[in-house]
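Open your viewer and get ready to click along. Each stop on this tour tells you what to select and what you will find there.

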Amino acid sequence: MASAPRPERDLGLLAGCLPPYPPPPTTVGLLSMEQQETYLELYLDQCAAQDDLAPPRSPLFNPVVPYDMYILNASNPDTAFNSNPEVKETSGDFSSVDLSFLPDEVTQENKDQPVISSRHETEESSESQSPQSRLPSPSEQDIGLGLNSSSLSNSHSQLHPGDTDSVRPSPEKPNSDSLSLAPITPMTPMTPVSECCGIVPQLQNIVSTVNLACKLDLKKIALHAKNAEYNPKRFAAVIMRIREPRTTALIFSSGKMVCTGAKSEEQSRLAARKYARVVQKLGFPARFLDFKIQNMVGSCDVRFPIRLEGLVLTHQQFSSYEPELFPGLIYRMVKPRIVLLIFVSGKVVLTGAKERSEIYEAFENIYPILKGFKKA
Amino acid sequence: MAYQLYRNTTLGNSLQESLDELIQGSLNTYRFCDNVWTFVLNDVEFREVTELIKVDKVKIVACDGKNTGSNTTE
């Protein structure tokens, strides 16, 4: 399955293992070398912002082309393949740097290769270790089967326990024999498509943090970046927004940044990288350290009305329901540690997750309970 | 229910609404620094009772007013 090694980047396995779904614009299945190179470069360019990483450990790694990458390519064919002329013109003059749309140009080509290959290797080695430890567990392999049979959008959502960085589509890992089942099996027995009649909570918001690792002059950022607000009397951070992914970032003078509003883990990471690139282009030596997803919010609809009074009576150690204060029941699930807001209408909001699987697991746990309190 | 979902974004006193305006409307960029708002709008119509003026680009610089507000366009 692996194609010939590519000496320039030492990413030989990636080229032959691009996921078949979603299909690239030109071909289905294996891409030509040129197309693979283009997608590879696009993805790598996206990751051009500096990650501070341990030195490369192993030459093996797994293909890590993010699902969102293809969506972006499909919607922005122009920007995906062309470098951004506007940014180039203003690169020497920071007075109006417009980076609100997707610029895929490489900012520091020298840094790309070691940074990116070490990034991939780090991700891969963390991945290769965790599947080994998970193999003996039969329940997880069953889950793997369940996940494989489910729709790809669901399988995209599973996470490795050891992998907090990114989510990868399951078809990406066909090479490893020992991982013939999707190695993306989560630790706890759960499948998004299951007894719940296929109701899958949709992610609505992801909050993440990253450390740019350099002191920032907020006034300079607010004056030179587009779509920025800075009111130090009210809040000691620059509030910046970008259109794609539609997110808001709070950038502090310490160099730390909070990124909110993304709808998926990869989008949150991509958005954070874009903000880091904006800061970098304004002349600061920004890096991309310790990216971490801090909170994920999901919502769904069970499609039947719920007797919240009954639920609070039987689950009083977990529930709090004060209709005069708030119309929803606040259910604090212990495992996983998720807070659910349950409404009479049958709508459910789940929050407090660090991983997507926690949202799904919490919903799996609550659904049978809610069914028991169906109205009428 | 939608309002609760925005609570996470308001934790930094920020709202997505201005971005909605960006996407839907003609607001190109905005900036707020030193209590001065700067907006750049595209394809704007200034309508007065008698007149209609169409313009490709408008830059609005607005300072806080307590009887001393100033507002300039170019």
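The bend at a residue is the angle between two axes, one fitted to the seven residues ending there and the other to the seven starting there. Keep that in mind for the first stop. One more thing before you click: what you have open is a predicted model.

**Stop 1: a helix with a kink**

Select residues 356–372 of chain A, which form helix α12. Where in this helix is the kink? Look at Ile366(A): a kink of about 30° lies there, shortly before the proline Pro368(A).

Now check the length of α12(A). With 17 residues at 1.5 Å a residue, the helix should span 24 Å, and its end C-alpha atoms are 25 Å apart, so the two values agree.

Next, colour the helix by accessibility. Among the buried residues of α12(A) are Ile359(A), Tyr360(A), Phe363(A), Ile366(A), Tyr367(A) and Leu370(A).

**Stop 2: the whole of chain A**

Zoom out and select chain A. Of its 376 residues, 56% are buried. The chain exposes about 15700 Å², and carbon and sulfur atoms supply 56% of that surface. Take the contacts in chain A between residues at least 6 apart in sequence: 69% of them join residues at least 24 apart.

**Stop 3: two cis peptide bonds**

Stay on chain A and select Glu244(A) and Pro245(A). The peptide bond from Glu244(A) to Pro245(A) is cis, with omega near -5°. Pro245(A) sits in the loop between β3 (237–242) and β4 (247–252) of chain A.

Then move along to Lys335(A) and Pro336(A), which are also joined by a cis peptide bond, with omega about 0°. Where is Pro336(A)? You will find Pro336(A) in the loop between β8 (329–333) and β9 (338–342) of chain A. As background, most residues other than glycine have a negative phi, and most peptide bonds are trans.

**Stop 4: chain B from end to end**

Now select chain B, which has 3 helices and 4 strands. Follow the chain along its sequence and you will read the pattern α-α-α-β-β-β-β. Chain B has 74 residues, 28% of which count as buried. Its accessible surface comes to about 5200 Å², with 50% belonging to carbon and sulfur atoms. Among its contacts between residues at least 6 apart in sequence, 10% join residues at least 24 apart.

**Stop 5: where chain B touches chain A**

Select Asp20(B), in helix α3 (residues 17–24) of chain B. This residue is partly exposed, with a relative accessible area of 23%. Setting aside neighbours within four places in sequence, Asp20(B) is in contact with Arg246(A) and Gly25(B).

Go on to Arg31(B), which you will find in strand β1 (residues 27–33) of chain B. Is Arg31(B) buried or exposed? At 18% relative accessibility, Arg31(B) counts as buried, because the cut-off for buried is under 20%.

Show what surrounds this arginine. Apart from neighbours within four places in sequence, Arg31(B) is in contact with residues of chain A including Ala222(A), Leu223(A), His224(A) and Lys226(A). Its contacts in chain B are Val36(B), Trp37(B) and Thr38(B). To look at one pair of atoms, find the backbone oxygen of Ala222(A): a polar atom of the Arg31(B) side chain lies 2.8 Å from it.

**Stop 6: two aspartates with positive phi**

Select Asp34(B), in the loop between β1 and β2 (36–47) of chain B. Asp34(B) is not a glycine, yet its phi is positive, at about 55°. This residue is partly exposed, with a relative accessible area of 47%.

Now try Asp43(B), in strand β2 of chain B. Here too phi is positive, about 50°, although Asp43(B) is not a glycine. Asp43(B) is exposed, at a relative accessible area of 62%.

Finish with Cys33(B) and Cys63(B). Cys33(B) is buried, with a relative accessible area of 5%, whereas Cys63(B) is partly exposed at 34%. How many disulfides are there over all chains? The count comes to 0.

Technical notes:
Residues are numbered from 1 along each chain as its sequence is written. Chains are lettered from A and ligands numbered from 1 in the order in which they are written. This is a predicted model: local features need pLDDT of at least 70, side-chain atom pairs count only at pLDDT 80 or more; totals for chains, interfaces and linings use all residues. Side-chain values use heavy atoms; hydrogens and water are left out. A disulfide is a pair of cysteine sulfur atoms within 2.5 Å. Buried means under 20% relative accessible area, exposed over 50%, partly exposed in between (1.4 Å probe, protein chains only). A polar contact is a pair of N or O atoms within 3.5 Å; within protein, one must be able to donate a hydrogen and the other to accept it, and residues adjacent in sequence count only if both atoms are side-chain atoms. Contact means heavy atoms within 4.5 Å. Accessible areas come from the Shrake-Rupley method with a 1.4 Å probe; for residues, only the protein chains shown count as cover. The expected span of a helix is 1.5 Å times one less than its number of residues.
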